[in-house]
Amino acid sequence: MLGGDGERSARRALGLAAKRVRIRAGPEWWCLAAAAGVALLGRSLLPLALGGLAVPVVRRAIRAAAARGERDRRADAVIALCGLFAGEVRAGRQPPGALLVAARESGGLGEARAAVCAAARFGGDVPGALRAAAREPGAGGLMGLAACWNVAVDRGAGLAAGVHRLEEALRAERGQHADLRAQLAGARSTAALLAGLPVMGLALGTALGGHPLRILLHTPAGLGCLAVGLALECAGLWWALRIVRAAEEQ
């Protein structure tokens with residue numbers, strides 16, 4: 001029997017272990033869980049194998065979506081950085097001090113914040129540090145800020161006006177991108193709906209007592225139909241998403 005302290009320690013260890021499992025086991029593993037359920041219903045290991053193949057594909061899609069979200073957040077932070085920087089310069093603060101304040105309050109420099117702040121604080125190569133920070137996804141607007149710094153760093157009013165115009169241009173571009181993404185949301189939803197129709201058909205057939213899983217997984221004709229259907233499903237989904245992605249990149 002464990003004492004009170006031992007029991008609390010054991011519960012804490014179990015809680016930490018469960019938390020680590022939740023972190024490592026991402027949502028993509030639900031594909032394997034769903035495939036296991038279908039494998040039990042159809043009494044075949046084929047759905048389990050297909051679910052295992054789907055895990056890395058879904059993981060890649062989730063990571064790509066997370067990268068797009070991070071890129072959008074960084075782009076918004078760069079716009080905020082430009083606005084704060086222009087406001088601080090117009091208020092009479094020297095450009096290095098204005099950049100330090102804007103970097104601290106906006107978070108638009110990401111991991112390169114330390115290098116840019118060090119360059120601004122100690123008289124280093126601020127444009128070079130900004131260009132290095134612009135290599136991060138979504139931070140391309142910092143290239144414009146570096147150009148403004150090179151052209152007008154000795155004239156505070158000119159620098160503020162240039163950065164303000166840069167902010168307006170970045171904000172307009174960001175708005176156009178958001179409008180395009182909103183217009184393409186319908187296409188994405190249609191592709192997702194079409195991808196889910198076969199699953200709905202299987203569920204409807206099972207509800208009507210047709211035993212579609214038994215036919216698909218245990219007969220030669222069913223296996224052939226399953227292979228052709230999966231190939232067409234993957235090709236159609238890939239093509240639709242490729243069209244949407246190409247439209248977003250224009």
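I started with Ala-49, which is partly exposed at a relative accessible area of 44%. For these labels, buried means under 20% relative accessible area, exposed means over 50%, and partly exposed is in between, with a 1.4 Å probe and protein chains only. Ala-49 has its place in helix H3. I also looked up a distance here: the C-alpha atoms of Ala-49 and Ala-36 are separated by 9.1 Å, and the two residues are 13 apart along the chain.

**Ground rules**

I noted that this is a predicted model, where local features need pLDDT of at least 70, side-chain atom pairs count only at pLDDT 80 or more, and totals for chains, interfaces and linings use all residues. Residues are numbered from 1 along each chain as its sequence is written, and side-chain values use heavy atoms, with hydrogens and water left out.

**The whole protein**

I looked up the helices and strands: there are 10 helices and 0 strands. Both kinds are DSSP runs numbered from the N terminus, helices being H or I with at least four residues and strands being E with at least two. Along the sequence, the pattern reads α-α-α-α-α-α-α-α-α-α.

Next I checked burial, and 28% of the 250 residues count as buried. The accessible surface comes to about 15,800 Å², and 64% of that belongs to carbon and sulfur atoms. Those areas come from the Shrake-Rupley method with a 1.4 Å probe; for residues, only the protein chains shown count as cover.

Then contacts, meaning heavy atoms within 4.5 Å. Taking the contacts with a separation of 6 or more, 55% are between residues 24 or more positions apart.

**Aromatic pairs**

How many aromatic pairs does the structure hold? I found 2 of them. In Phe-85 and Trp-149 the ring centres are 6.0 Å apart and the planes sit at 20 degrees, so this pair is stacked. The rule is that rings of Phe, Tyr and Trp (its six-membered ring) pair if their centres lie within 6.5 Å; planes under 30 degrees apart are stacked, over 60 edge-to-face, and the rest tilted. This pair links distant parts of the chain, with Phe-85 in helix H3 (residues 46–90) and Trp-149 in helix H7 (residues 141–152), 64 residues apart. Phe-85 and Trp-149 are buried.

The other pair is Trp-238 with Trp-239, which is tilted, at 6.0 Å centre to centre and 50 degrees between the planes. Trp-238 counts as exposed at 52% relative accessibility, while Trp-239 is partly exposed at 46%.

**Helix H6**

Which residues of helix H6 (residues 126–133) are buried? I listed Val-126, Pro-127, Ala-129, Leu-130 and Ala-133. They cover an arc of only 160 degrees around the axis, so they lie on the same side of H6. That arc is taken from the directions from the helix axis to the C-beta atoms. I jotted a reminder: an α-helix has 3.6 residues a turn, so residues three or four places apart point the same way. The cover over the buried residues of H6 includes helix H4 (95–106), helix H5 (113–121) and H7.

I also found a cap at the N-terminal end of H6: a side-chain oxygen of Asp-125 lies 3.1 Å from the backbone nitrogen of Gly-128.

**Charged residues**

Arg-174 is in helix H8 (residues 156–207). Is Arg-174 buried or exposed? It is buried, at a relative accessible area of 18%. Leaving aside neighbours within four places in sequence, I found Arg-174 in contact with Asp-72, Ala-75, Asp-76 and Ile-79.

Glu-88 is in helix H3. A polar contact of 2.8 Å joins the side chains of Glu-88 and Arg-93. A polar contact is a pair of N or O atoms within 3.5 Å; within protein, one must be able to donate a hydrogen and the other to accept it, and residues adjacent in sequence count only if both atoms are side-chain atoms. Beyond four places in sequence, the contacts of Glu-88 are Arg-93, Ala-98 and Val-101.

Arg-43 is in the loop between helix H2 (30–42) and H3, and it is exposed at 74% relative accessible area. Its phi is near 55 degrees, a positive value in a residue other than glycine.

**Cysteines**

I counted 0 disulfides, a disulfide being a pair of cysteine sulfur atoms within 2.5 Å. Cys-82 counts as buried at 0% relative accessibility, and Cys-117 counts as buried at 10%.
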